[in-house]
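Q: Hi! I have a new model open on my screen and would like to walk through it with you. Can we start with the overall layout and then zoom in?

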Amino acid sequence: MTAPTAAGCAAPDQAAPLPASIDLEKETVITGVVRSTQGEAVPGAYVRLLDSTGEFTAEVVTSPAGQFRFFAAPGNWTLRALSRHGNGDAAVTADRGIHEVTVTVTD
Amino acid sequence: MSRDTALVSADWAEKNLDAPGVVFVEVDEDTSAYETGHLPGAIKLDWRTDLQDPVRRDFVNKAQFEALLSERGISNDDTVILYGGNNNWFAAYAYWYFKLYGHREVKLLDGGRKKWELDARPLVTDPVTRPATQYVASEPDNSIRAFRDEVVAAIGTKNLVDVRSPDEYAGRLLAPAHLPQEQAQRGGHIPTAISVPWSKAANEDGTFKSDDELRKIYGEAGLDDSKETIAYCRIGERSSHSWFVLQELLGHRNVKNYDGSWTEYGSLIGVPIALGDEPGEA
């Protein structure tokens, strides 16, 4: 028995394709891959989205292929990744639509 | 309550994985995380299928909670150590349930899954079963749960603490940014609520900040600890985290979690809403 999902907050599968219900005219999607300095994808990294003041907005764990995805709003954001291979940051200025960003982590 | 009674460290947990009378319980936002690896011996509670009523919008009642814990093999005398992903949001939510139904010994694992994983501590995929028990819950302690009429009446009189991100508080986002933004409810916050994002209470590795740091954060945000406090977020899990900080770590009295939170308040007809970064007027 599955409970109603109106209150749902389950972390979506980061590797799944965007659901067809997502309207890219309205959503600001920030997505990408966490990579090591050797360019390898880093699965299981913790990626957080920080707002223009540096405050936490959300956090996800990367997929087996190192992917992450956020639904933000137009503006300036920072991505910060923590992993066993090290940490890293990337800045992104987003408008509506999809923005792809690579975050490189170093020791 | 205090840090010593409400929290255990990852070091303590790793040493006590097999301790008699200690049950580790994982509660995740991503309900599939447990299957990819969990603390040795830990059982799982699914916050959606185990902790929510399957029909009404409410959480499980006393009889349902008793049946759940009996079936999973948790007894009234066990020390329950809760942990989970996403900085313990849902583990804190479960902690609040265990308190609401009167469980005597329940604690959070500081840092939850994140610190455990970043420390490269052991995770296993073995199935875990425990012998069934006869769990008896107390009547719900509604001194830690706020309902909507009480929240509306608290505008301008009690402390209202909005623990969502600043953009959700202002009405620029309607959900945490790992979720799609199209929702039925209106954006904004409850007038007079102060903004203290839950994340201010946590370090980057998911552990809680020190008591001194926590007191400073809420003091500077203008929380008047002589008044009653109601914390809310979107669905009540992040506010469980802040409720835990205020009541269980800092020892405030009269702190309630409004689990209806913004998905209920933002859908009510006729209630006041404030937009933007300021608390607004009553």
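This is a predicted model: local features need pLDDT of at least 70, side-chain atom pairs count only at pLDDT 80 or more; totals for chains, interfaces and linings use all residues.

Q: How many residues of domain 1 of chain B are in contact with domain 2 of chain B?
A: On the domain 1 side 20 residues take part, and they are in contact with 18 residues of domain 2 of chain B. Helix H1 (3-6), H4 and H5 of chain B are the elements that each give two or more residues to the domain 1 side. H4(B) has the largest share of that side, with 10 residues.

Q: And by class, what is the domain 1 side that touches domain 2 of chain B?
A: That side of domain 1 of chain B has 11 nonpolar, four polar and five charged residues.

Q: OK, new topic: which residues touch the most other members in the largest nonpolar core?
A: That core has 68 residues, and the ones touching the most other members are B:Val25, B:Ile81, B:Leu82, B:Ala91, B:Ala94, B:Tyr95 and B:Leu108. Helix H4 of chain B, residues 85-100, gives the most to this core, with 11 residues. Both domain 1 and domain 2 of chain B supply at least three residues each.

Q: Let me pick B:Ala91. What is B:Ala91 in contact with, leaving aside neighbours within four places in sequence?
A: B:Ala91 is in contact with B:Val27, B:Leu82, B:Tyr83, B:Gly84, B:Leu108 and B:Gly112. There is also a second, separate core of 29 residues, which includes A:Val34, A:Leu82, B:Leu173 and B:Ala175.

Q: Speaking of chain A, how many residues does the contact take from chain B and from chain A?
A: The contact takes 32 residues from chain B and 31 residues from chain A. On the chain B side, H4, helix H5 (112-118) and helix H7 (166-170) are the elements that give two or more residues. H5(B) gives the most to that side, with three residues.

Q: How do the residues on that side of chain B divide into nonpolar, polar and charged?
A: The side of chain B that touches chain A has 11 nonpolar, 10 polar and 11 charged residues.

Q: Switching to strands: which way do the residues of S8 in chain B point?
A: In S8(B), residues 229-232, B:Thr229 and B:Ala231 point one way, while B:Ile230 and B:Tyr232 point the other way, and all are buried.

Q: What does S8(B) pair with?
A: S8(B) pairs with strand S6 (residues 159-162) of chain B in the parallel sense, over four bridges. In that pairing, B:Asn159 stands opposite B:Thr229. S8(B) also runs parallel to strand S9 (residues 255-257) of chain B, joined by three bridges. There, B:Ile230 stands opposite B:Lys256 in S9(B).

Q: Where is B:Ile235 found?
A: B:Ile235 is in the loop between S8 and helix H9 (238-249) of chain B.

Q: Is B:Ile235 buried or exposed?
A: B:Ile235 counts as buried because it has 23 C-beta neighbours inside 10 Å.

Q: Last one: which residues of chain B does UniProt list for the Rhodanese domain?
A: The UniProt record, an unreviewed entry, lists "domain: Rhodanese" at residues 18-125 and 154-274 of chain B. Over residues 18-125, the chain is 31% helix and 16% strand, with the end C-alpha atoms 16 Å apart.

Conventions. Residues are numbered from 1 along each chain as its sequence is written. Chains are lettered from A and ligands numbered from 1 in the order in which they are written. A nonpolar core is a set of buried Ala, Val, Leu, Ile, Met, Phe, Trp, Tyr and Cys residues joined through C-beta atoms within 7 Å. A residue is buried if 20 or more other C-beta atoms lie within 10 Å of its own, exposed if 12 or fewer, and partly exposed in between; C-beta atoms are placed from the backbone. Domain bounds come from an automatic or database domain assignment. Two residues are in contact if their C-beta atoms, placed from the backbone, lie within 7 Å. Ala, Val, Leu, Ile, Met, Phe, Trp, Tyr, Cys and Pro count as nonpolar, Asp, Glu, Lys and Arg as charged, and the others, Gly among them, as polar. UniProt positions are given in the numbering used here, feature names are shortened, and annotations may be inferred rather than shown by experiment. Two strands pair if DSSP finds at least two bridges between them.
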